[in-house]
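Please look over this chain with charge pairs and surface charge in mind. The report below takes the topics one by one.

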Amino acid sequence: MSQPITITKEDIFQQVKLSCKIPELVEQIVSRKIILAAAEEAGIKVETEELQKGADLLRLTNKLTSADDTWKWLEKHGLSIDDFEQIVYTNIIIGKLSQHFFADKIEPYFFENQLNYAGVVMYEVVLDDEDLALELFYAIKEGEMSFYDVAHQYIQDVELQRKGGYLGVLRRQDLKGEISAAVFAAKPPQVIKPIITSKGVNLIFVEEIIEPKLDDKLRQQILSDLVLIWMKEQFNQVAINLDFA
């Protein structure tokens with residue numbers, strides 16, 4: 001029988017270094033410190049009732065339906081009850097700080113940047129041969145073939161082939177600049193003339209342009225975007241000293 005293996009804190013830290021995860025973890029640590037400092041400066045507090053609701057939500061999110069499930073989860077992640085409460089507290093602080101700083105900026109930001117939140121329903125086939133792509137483009141335009149026929153014949157990925165090249169609903173930021181410009185200038189339903197990118201020759205069918213609506217989901221997305229912009233600004237102003245002694 002093999003001998004038991006003991007893992008120490010030093011082993012874990014060494015693995016973090018060997019996995020090249022330190023920059024990622026440093027960013028998370030700095031983010032948390034910036035948020036907690038900003039919340040304290042703004043006088044943001046967390047009430048006991050909020051902590052309880054936050055704890056319930058965290059348990060629900062992680063499917064911890066019993067006390068035993070919770071203890072096993074804490075043990076698995078090397079967490080104490082205090083650590084669990086710190087996670088809950090930080091989550092609540094992030095939400096309250098976001099609302100405090102940016103709740104009244106969501107609508108102005110949306111109206112200034114609403115083109116960035118437009119969506120497109122699109123299908124794509126990536127080819128290696130520009131001449132072939134043009135031939136297929138004109139064949140589709142003339143009604144000699146359907147885009148689905150082209151996708152079924154030329155897409156190698158089985159799942160994507162079954163979906164006819166369907167990529168879902170995408171936003172401008174999800175697309176390369178040259179594709180984004182052509183896609184959002186289209187008049188759906190429309191097949192776009194092939195576009196050459198680093199992936200190959202892109203043959204695209206634009207089914208629908210979805211105009212953005214400032215609903216609850218988009219409000220939350222804009223709030224997250226505003227927080228990220230703010231965090232980047234804070235990072236640029238912070239001197240980070242790594243002390244591994």
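## Helix H5 and Ile81

Helices here are DSSP runs of H or I with at least four residues, numbered from the N terminus. The model is predicted. Helix H5 covers residues 81-102, and Ile81 is found in this helix. Is Ile81 buried, exposed or partly exposed? Its relative accessibility is 37%, so Ile81 counts as partly exposed. Buried would need under 20% and exposed over 50%.

Thr70 sits 11 residues from Ile81 along the chain. The C-alpha atoms of Ile81 and Thr70 are 9.8 Å apart.

## Salt bridges

How many salt bridges does a search of the whole structure find? The count is 9. Side chains of opposite charge can pair when their charged atoms come close.

Lys96 counts as partly exposed because its relative accessibility is 27%. Glu50 also has 27% relative accessibility, so Glu50 counts as partly exposed.

## Pairs within a helix

Asp56 and Arg59 form a salt bridge at 2.8 Å, N to O. Both lie in helix H3, 3 residues apart, or about one turn of the helix. Asp56 is partly exposed, at 39% relative accessible area. Arg59 is partly exposed too, at 23%.

Arg162 and Glu159 form another salt bridge, at 2.7 Å from N to O. Helix H9 (residues 158-162) holds both residues. Their spacing is 3 residues, about one turn of the helix. Arg162 has a relative accessible area of 57%, so this residue is exposed.

## The annotated domain

The UniProt record, an unreviewed entry, places the feature "domain: PpiC" at residues 125-208. Over those residues the chain is 39% helix and 31% strand. The end C-alpha atoms of this stretch are 17 Å apart.

## A negative patch

Which residues gather in a patch of negative charge on the surface? They are Asp128, Asp129, Glu130, Asp131 and Glu135. Asp129 is placed in the loop between strand S1 (119-127) and helix H7 (130-141). With 38% relative accessibility, Asp129 counts as partly exposed. Patch residues need over 30% relative accessible area and no salt bridge.

Terms used. Residues numbered from 1 in each chain as written. Predicted model: local features only at pLDDT ≥ 70, side-chain atom pairs only at ≥ 80, totals over all residues. Heavy atoms only, no water. UniProt positions renumbered as here; feature names shortened; annotations may be inferred. Helix = DSSP H or I, 4+ residues; strand = E, 2+ residues; numbered from the N terminus. Patch = residues over 30% accessible without salt bridge, like charges linked within 9 Å, V, L, I, M, F, W, Y side chains within 5 Å. Areas by Shrake-Rupley, 256 points an atom, 1.4 Å probe, with all protein chains shown as cover. Salt bridge = Lys/Arg side-chain N within 4 Å of Asp/Glu carboxyl O. Lys, Arg positive; Asp, Glu negative; His and termini not counted. Charge placed at Lys NZ, Arg CZ, Asp CG, Glu CD. Buried < 20%, exposed > 50% of the residue type's maximum accessible area, 1.4 Å probe, protein only.
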